[in-house]
Structures are given as structure tokens and as C-alpha cells.
Amino acid sequence: MCAGCSHVSPKWAGRCPECGEWNTLAETSVPTTPVRMPGGPAVSVPLSELSGKAAVATSTGIGEVDRVLGGGLVPGSVTLVGGEPGIGKSTLLLQLAALMASGGSRVLYISAEESAEQVGGRAGRLGLATEGVRVAALTEIDPVEAECRSIEPQVLIVDSVQTVVDAGLPSSQGSVPQVREVTARLVRLAKERATAVILVGHVTKEGGLAGPRSMEHMVDTVLTFEGDREQDLRTLRVVKHRFGSTREVGLLRMGERGLVELTDASRTLLADRSPGVPGSIVVPLLEGSRTVLVEIQALVSRPVDAGGPRRVTQGVDPRRLAMVLAVLEQRVGVSLARHDIHVSAVGGVTAGEPAVDLALALAVVSALTSWPVTTDTLAFGEIGLGGEMRAVRGSGTRIREAVRLGFDRVIAPPRGDDDDSTCRVLVVDSLAAGLEVAGVLRGPEGLTGSIGVHGDRGSATQGAGDGGPRDAAA
Ligand code: TYD
Ligand code: MG
């Protein structure tokens with residue numbers, strides 16, 4: 001079986017015929033004991049008797065984690081938390097262990113990577129109330145099961161699933177058969193004892209969870225813990241969730257004393273913003289059911305070497321930027337083919353939504369012309385290949401968050417059907433009109449008469465040629 005794509009092949013090959021990866025095929029045996037849900041009905045029952053009997057979740061003690069899980073941890077569920085090394089998985093789960101224990105749950109923390117003393121030292125540094133948390137440094141599944149039989153924890157944390165082995169299997173630690181078997185046994189344990197199990201999983205360089213894909217199928221919930229190690233923002237995202245929505249996102253901050261919830265994310269993310277700087281604009285992004293205001297920054301400079309222009313992005317999809325640049329060139333006549341461009345979403349945020357398009361365009365053109373967008377202005381909207389603006393979902397909540405944070409001008413595409421607000425919304429139906437009302441092509445005077453005027457590509461392009469932009473002719 002291929003460790004990358006779970007392709008099954010009857011014989012070994014150096015390269016997986018499915019995904020093309022080298023050295024990922026490993027011999028595996030078919031599990032003989034299938035994972036079953038114990039206690040389930042042996043025969044069919046009327047669905048009406050079961051409806052409404054949803055599992056009751058227990059709060060984890062961290063509101064942002066509860067938000068992602070749709071209320072908390074469900075007894076008998078298995079949750080896999082994936083993330084890069086050093087991102088804070090162990091810290092998060094140790095905090096959860098302590099909080100769930102103080103909420104009255106019996107918690108067993110299995111550390112298969114650090115000694116029990118190291119876990120204790122971290123708990124001390126974090127200032128956690130560890131009453132009710134038991135810890136064991138174990139790397140084999142048999143003693144883990146034995147410990148669960150004797151302690152009967154309501155919550156079992158295994159850090160990490162790749163470092164625990166079944167001593168009865170010949171394959172090495174972290175290999176496909178090992179991870180599969182260990183996961184299967186932990187899933188069985190969770191279902192049999194109604195224990196909420198949380199597994200830590202390592203991710204590969206490519207960002208996928210190491211080990212077979214089938215691991216994701218075996219568990220109930222897959223979360224990823226992400227962030228930039230140089231920054232303190234951490235996001236908890238749902239990849240799969242059997243007990244609720246997969247759209248919610250948890251926002252946390254890694255501080256001196258572990259992870260803290262980001263309750264007012266917009267305010268925190270905009271805290272360091274300096275007003276009046278060209279190349280900067282704020283965009284409202286949807287993170288699950290909430291809106292977060294994020295600053296987009298661009299820097300445009302001429303290439304110094306002959307290697308062609310560079311596009312460097314952080315937190316922004318380079319393909320979105322390339323598309324926006326192509327539309328700027330072809331539909332508005334703003335050429336950036338000879339400039340280096342750096343674009344970033346400030347604060348370690350990932351701005352992946354199409355709604356970020358207009359902000360990208362405004363930031364880049366503002367950086368090019370050195371005309372800043374007024375500080376009280378915010379922009380969002382998807383740009384079509386024809387240079388037209390397209391509505392995005394949730395425009396009402398985006399505008400309300402802008403108003404809450406004191407912005408009073410929003411540049412937005414023609415409204416969707418879901419909004420009502422009191423803020424000054426400058427509706428633009430083309431990218432050119434957006435550039436014009438933002439005043440980035442030829443300064444704030446370009447604003448006069450433009451508000452509410454829909455996409456006049458000619459006039460905006462004209463503006464660019466009028467000598468207004470200080471740098472665009474370069
Ligand atoms: P850790 O939880 O060990 O990461 P993982 O289990 O995902 O590998 O976190 C490691 C990093 O977190 C470490 O480099 C230091 C940092 N950290 C803080 O910034 N504040 C804290 O309170 C703690 C405990 C860790
Ligand atoms: Mg760890």
C-alpha cells in the first residue's frame with residue numbers, strides 16, 4: 001500500500017503507479033479484525049425512534065476548540081489533530097487535558113515522544129491545574145490499552161499516533177501497517193469504552209497527514225492545527241467532522257503561557273496597522289461563521305537582476321495573485337510585467353477566499369502608484385477574468401464587521417441577497433471602477449463623481465494614462 005495515496009498494488013514497486021511518489025509502497029497485511037460499533041442495534045430500527053438522539057458533547061474548556069467541534073468532545077469519538085512539528089499540538093492538548101480534568105473528566109495523557117517529566121515540566125511552565133490528569137510515557141499500544149482498562153479515562157490523549165507501535169507487528173514505527181493498526185485499536189477502544197480519544201498526527205512536508213489516508217477514514221474528526229511558527233496566530237480547522245459542521249475555524253494565539261483564545265480577532269490583527277501607507281488595504285474574510293478583518297500589504301519594486309520579475313506571497317494564494325495581475329494588465333491596462341511584487345496577508349493569516357481579489361488588486365496598484373487607500377476604507381469582492389466584479393457570499397456579515405471596527409467606506413461588488421447595513425457601501429461592478437473609487441490610480445480626487453457610478457473601464461484606464469500614477473509608466 002502506498003503511504004501517500006493508499007493505492008493498493010499486488011507487488012512492490014519503487015514508484016507508486018497511482019501518485020508517482022518514490023519509495024512509498026510498503027508491504028501490509030489485511031486487518032483481520034474489522035472495526036465495529038459495539039452496542040449498535042443488530043437489526044434495523046425505525047429512524048423516527050433515533051432522530052434527535054444526537055451525541056452529547058462535553059466542553060473542552062477552550063471556547064475556540066468547542067466552536068470547531070460544534071460544542072465539545074463526544075464520548076466514544078476519535079479526533080485526529082494534525083500539524084507541523086513545533087506548531088503547538090502538544091501544548092494545546094496538555095491545556096485541554098488540564099481544562100477537561102478540572103471540568104470533572106478523568107483524563108489520561110499518553111506521551112510517546114516526551115518523557116512524563118517533560119510533560120510535567122511543561123504543565124508547570126504553563127501554570128496548569130493538573131489535578132485529575134494522569135500521564136504515562138508509553139510507546140506500545142498494549143500497555144496503553146491496559147492502562148485504559150485500569151483507569152477508565154473519559155478522555156484519552158495519544159501524542160502521537162505515529163510514535164506508538166504494536167509490538168506484534170514486524171514493521172517499523174510510523175510505517176503504514178503500524179499506524180493503521182494502532183489507529184484501529186484506539187478506535188475500537190474509544191467505541192467499546194465510550195472514551196473520547198484525541199490523537200496527535202504528524203504531517204508530511206507536503207502538508208498531508210503522515211500515514212495512510214485510511215487513517216482519516218477510521219476516525220470521526222480530523223482537525224489541522226496551522227500557523228506560521230514565526231508568528232503567534234494559530235488556526236484550528238476542520239477537515240472532516242462526523243458530529244457537525246466542517247466550516248468553523250478556531251483562532252488562537254501562542255503566548256508565553258500557552259495558547260489563548262483570540263476573542264476579537266479583527267482588532268488583534270489590525271492592531272499594528274499604520275495608517276496612510278501605500279499598498280495597504282483591509283479585507284473582511286469569512287472564517288467559518290465569523291468575519292475577520294485582515295490587512296493585505298503589497299510592495300512593488302523593479303527587478304534588479306535579469307531573472308525576470310518575482311512574485312513573493314505570504315498567506316495569499318500565488319495563483320490568485322497571478323490571475324489578478326493578468327486581469328489588471330489585460331482589462332485595466334496596468335502592466336506589472338517588469339516589477340517584482342511582494343504581497344502578504346498580515347498576522348500569519350491565510351487569505352484564500354476569492355473575496356480577497358479586489359483587495360489584492362487595490363494593494364498592488366496602490367503600491368505601484370504610491371497613492372494610499374484612505375485608512376477608513378475596506379474592500380472585498382471576486383474579480384472575474386473579464387475584469388468584472390462578482391458577488392461573494394456573506395457580504396452582509398462582512399460589512400457589519402467593518403462597521404463594528406469603525407470603517408465607514410466599503411468597496412464591494414453588487415450585493416448578494418443576504419445583506420443589509422448602514423455603512424457607506426461603494427458598489428462597483430468592475431475592477432476598473434473599484435480602482436477608481438479607491439483613489440489608487442490618481443489619488444483621492446479621482447473619487448469625485450465616481451461613487452455609485454458603475455464600471456467605466458475607459459475612464460479608469462484613461463486616468464492611468466493621465467500622468468496620475470507616479471510610477472505606473474515605468
Ligand atoms: P509544541 O506543543 O511542543 O509543538 P508540537 O507538539 O506541535 O510539536 O510547541 C512547541 C513550540 O511552542 C515551542 O517551540 C515553544 C512554543 N511555546 C510557546 O511559545 N509558549 C508556550 O507556552 C509553550 C509551552 C510553547
Ligand atoms: Mg509535540
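This is a predicted model: local features need pLDDT of at least 70, side-chain atom pairs count only at pLDDT 80 or more; totals for chains, interfaces and linings use all residues.
Which residues are the closest to ligand 1? Side-chain values use heavy atoms, with hydrogens and water left out.

**View 1. The surroundings of ligand 1.** Ligand 1 is surrounded by 15 residues, the closest being Gly86, Lys89, Ser90, Thr91 and Gly258 (a residue counts as near if one of its heavy atoms lies within 4 Å). By class, this shell holds five charged residues (Asp, Glu, Lys and Arg count as charged), four nonpolar residues (Ala, Val, Leu, Ile, Met, Phe, Trp, Tyr, Cys and Pro) and six polar residues (the others, Gly among them).

**View 2. Backbone contacts of ligand 1.** Polar contacts are pairs of N or O atoms within 3.5 Å. An oxygen atom of ligand 1 lies 2.8 Å from a polar backbone atom of Lys89, and an oxygen atom of the ligand is 3.0 Å from a polar backbone atom of Gly88. For Glu256, a backbone N or O atom is 3.1 Å from an oxygen atom of ligand 1. Of the 560 Å² of accessible area that ligand 1 has on its own, the protein covers 68% (Shrake-Rupley method, 1.4 Å probe).

**View 3. Elements around ligand 1.** Helix H3 (89-102), helix H4 (116-126) and strand E8 (249-255) each give two or more residues to the shell; H3 gives the most, with three residues. Helices (H or I, at least four residues) and strands (E, at least two) are DSSP runs, numbered from the N terminus.

**View 4. A charge over a ring.** Arg398 lies over the face of Phe380, at 5.5 Å from the ring centre (for Arg, CZ must be within 6 Å of the centre and within 35 degrees of the ring normal).

Methods: Residues are numbered from 1 along each chain as its sequence is written. Chains are lettered from A and ligands numbered from 1 in the order in which they are written. A polar contact is a pair of N or O atoms within 3.5 Å; within protein, one must be able to donate a hydrogen and the other to accept it, and residues adjacent in sequence count only if both atoms are side-chain atoms.
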